[in-house]
Amino acid sequence: MSEGKPAGGAGSSLPQAPLEAAEIGALTLTQMSAFASALIADGLENPSSPLRKPALATVGAGGLPAVRTVILRFADEAHRTLGFFTDARSPKVAELQQNPRAALLFHDPRCDMQLRLSGRAEIRVGDEVAWARAAAPSRRAYLVTAAPGTLSPGPVSGLPSDVEGIIPPLERLEEGRANFALIEFRVEERDMLILSRAGNRRARFRLEGGREAASWLVP
Ligand SMILES: Cc1cc2nc3c(=O)[nH]c(=O)nc-3n(C[C@H](O)[C@H](O)[C@H](O)COP(=O)(O)O)c2cc1C
């Protein structure tokens, strides 16, 4: 590991700079896997981390790719799931209901590490546990009157006038719950890439028969 303070929050073991030759030379598949976990942990623990906002890719209408930024809300290592909040009326939800295959991209520019996850996502509209975890400012987004992506005659937030610029009381926020959805992403494959002047390294971890098979790949 690089010396000095880790880049992430408490518990994170991410280096704050690209790995040097000795560190690259000593990397094992176990360490590559641990870095992949550390990237996700940093996104969860550290609100200012670039890993907090991965890109979620889906198969869009007509089979075209679609990608957007989302905020990582939770991760469950044991079940290999990651959770995101979204508007149930947004195009990504219809896309995932049509085809659950999805991919996630995390990039840490501090240590030049990239993690690509592929798997399947399930949509849970109005999920009670996830809604309980959503803070008031997040909940307000689900009061937007028309579906995200609806054409507008001018620049708008889409929020009803009574909640524009304020966080309303909980009873009012509750009215948005029907528009709230949890995206539960189940990881099937992890692709971990580390860039370094000393030589790049890439490893793949793929679920096969319930177990994860690890392989080195040419970067
Ligand atoms: C920093 C940032 C964070 C975002 N987080 C979320 C999020 O957690 N959930 C979400 O649905 N959209 C989020 N968005 C908006 C999406 O990127 C996207 O524009 C919107 O959800 C519509 O996507 P869709 O048309 O593909 O469904 C975020 C955008 C930015 C810039």
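Residues are numbered from 1 along each chain as its sequence is written. Because the model is predicted, local features need pLDDT of at least 70 and side-chain atom pairs count only at pLDDT 80 or more, while totals for chains, interfaces and linings use all residues.

Let me begin with the ligand. The shell around the ligand holds 15 residues, and the closest are Arg-68, Ile-71, Thr-86, Ser-90 and Lys-92; a residue is near a molecule if its C-beta atom, placed from the backbone, lies within 6 Å of it. At least two shell residues come from each of strand E2 (65-69), E4 and helix H3 (91-98). Helices (H or I, at least four residues) and strands (E, at least two) are DSSP runs, numbered from the N terminus. With four residues, E4 gives the most to the shell.

What is the make-up of the shell in nonpolar, polar and charged residues? There are seven nonpolar, four polar and four charged residues. Here Ala, Val, Leu, Ile, Met, Phe, Trp, Tyr, Cys and Pro count as nonpolar, Asp, Glu, Lys and Arg as charged, and the others, Gly among them, as polar.

I turn now to the backbone. Arg-80 is not a glycine, yet has a positive phi of about 55 degrees. Arg-80 sits in the loop between strand E3 (74-76) and strand E4 (81-87). Arg-80 counts as partly exposed because it has 16 C-beta neighbours inside 10 Å; buried requires 20 or more other C-beta atoms within 10 Å, exposed 12 or fewer, and partly exposed lies in between, with C-beta atoms placed from the backbone.

Asp-112, also not a glycine, has a positive phi of about 55 degrees. The loop between strand E5 (101-108) and strand E6 (113-125) contains Asp-112. With 17 other C-beta atoms within 10 Å, Asp-112 is partly exposed.
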